[in-house]
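Here is a short tour of one protein model, written for someone who likes to look at geometry. Please keep the viewer open as you read.

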Amino acid sequence: MDDLEFRRRLLADPQDQDPELLDAKRSSTANQSLASELEQLDAMIDQALRVDVPDDLVDKVLFKQTSDVVREKRQPKFHLAIAASIAFVFGIMLGQFNWSNLPILPGDQSLGQIALQHYYHEEGFALAANEGASLQQVNAKLAPLGSTFNGNLPGQVAYLNHCSFDDQHAVHMVLKAENGEDFTVFVVPQKSPAMETFSDGNMEAISLPANNSSVIVVGEEGSNILPLAESLKKHLNQKA
């Protein structure tokens with residue numbers, strides 16, 4: 001099931017228990033988050049429609065239904081009130097809904113979104129590595145991209161490899177900072193027009209243009225990744 005079909009079916013029925021849809025929910029954190037938020041929205045709408053019946057409702061109805069004219073005049077107002085309540089609930093939920101967690105179709109993704117997907121795909125083995133790669137080894141990996149770092153890197157290189165970044169040849173590193181934090185770094189031969197940031201509520205990414213390339217740093221939400229990204233950008237040169 002592709003992302004478009006998954007979203008269409010989930011929006012149509014958040015409680016759908018079809019096995020194929022359940023497998024798609026479990027296939028990614030983005031799908032799980034979307035399913036959870038739509039289920040909460042569905043529950044809130046259901047709760048809003050559960051109106052307690054006053055004890056004296058029967059007496060009030062009998063009193064007001066003195067004629068067909070009165071009944072016909074009041075019935076549309078009742079339906080308008082219900083419609084307004086539903087619209088109010090939808091308005092609140094749409095304002096609070098985190099649309100950034102929706103699955104993004106290919107071609108609509110920013111460098112930061114692609115970096116986060118790549119991070120989650122390889123975090124199991126990349127973050128566990130402890131290669132201690134040298135600056136010379138890093139520049140050897142960067143050579144096919146026409147780039148090189150000069151000066152010291154802002155941390156120990158625990159993991160270093162080439163990777164396929166949205167069908168582009170890129171360099172993937174894990175830097176261990178002095179405070180023990182792990183930062184995942186991508187050098188991509190694609191220049192972003194300006195600084196870009198993206199967060200999924202758990203991890204965040206920042207992309208900076210560096211000559212004809214981009215430096216992308218991924219770290220935990222709230223971590224101070226901008227100075228590290230700017231340091232990497234400063235020392236990344238384009239080879240002649």
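This is a predicted model: local features need pLDDT of at least 70, side-chain atom pairs count only at pLDDT 80 or more; totals for chains, interfaces and linings use all residues.

## A bent helix

The bend at a residue is the angle between two fitted axes, one for the seven residues ending there and one for the seven starting there. H6 has a kink of about 40 degrees, and the kink is centred on Tyr120.

H6 covers residues 111-126, and its end C-alpha atoms span only 19 Å. A straight helix of 16 residues would span 22 Å at 1.5 Å a residue.

Which residues of H6 are buried? They are Leu111, Gly112, Gln113, Ile114, Ala115, Leu116, His118, Tyr119, Glu122 and Ala126. As background, an α-helix has 3.6 residues a turn, so residues three or four places apart point the same way.

The buried residues of H6 pack against a series of strands: E2 (156-165), E3 (168-176), E4 (182-188), E5 (196-199), E6 (203-210) and E7 (213-220).

## Aromatic pairs

The structure holds 3 aromatic pairs. In one of them, the ring centres of Tyr119 and Tyr120 are 5.2 Å apart; their planes meet at 70 degrees, over the 60 that edge-to-face requires, so this pair is edge-to-face. Tyr119 is buried because its relative accessible area is 9%, under the 20% cut-off. Tyr120, where the kink is centred, has 25% relative accessibility and therefore counts as partly exposed.

Another edge-to-face pair is made by Phe125 and Tyr159, at 6.1 Å centre to centre and with 65 degrees between the planes. Phe125 belongs to helix H6 and Tyr159 to strand E2, so this pair ties together parts that are 34 residues apart in sequence. Are the two partners buried or exposed? Phe125 is partly exposed, at a relative accessible area of 45%, whereas Tyr159 counts as buried at 8% relative accessibility.

## A look at Val187

Now move to strand E4, where Val187 has its place. E4 is one of the strands that the buried residues of H6 pack against. Val187 has a relative accessibility of 1%, so it counts as buried.

What does Val187 touch, leaving aside residues up to four places away in sequence? Its contacts are Leu142, Leu145, Phe149, Ala170, Val171, Ser214 and Leu236. The C-alpha atom of Val187 is also separated by 9.6 Å from that of Lys233, a residue 46 residues apart from Val187 along the chain.

Conventions. Residues are numbered from 1 along each chain as its sequence is written. Side-chain values use heavy atoms; hydrogens and water are left out. Helices (H or I, at least four residues) and strands (E, at least two) are DSSP runs, numbered from the N terminus. The expected span of a helix is 1.5 Å times one less than its number of residues. Buried means under 20% relative accessible area, exposed over 50%, partly exposed in between (1.4 Å probe, protein chains only). Contact means heavy atoms within 4.5 Å. Rings of Phe, Tyr and Trp (its six-membered ring) pair if their centres lie within 6.5 Å; planes under 30 degrees apart count as stacked, over 60 as edge-to-face and the rest as tilted.
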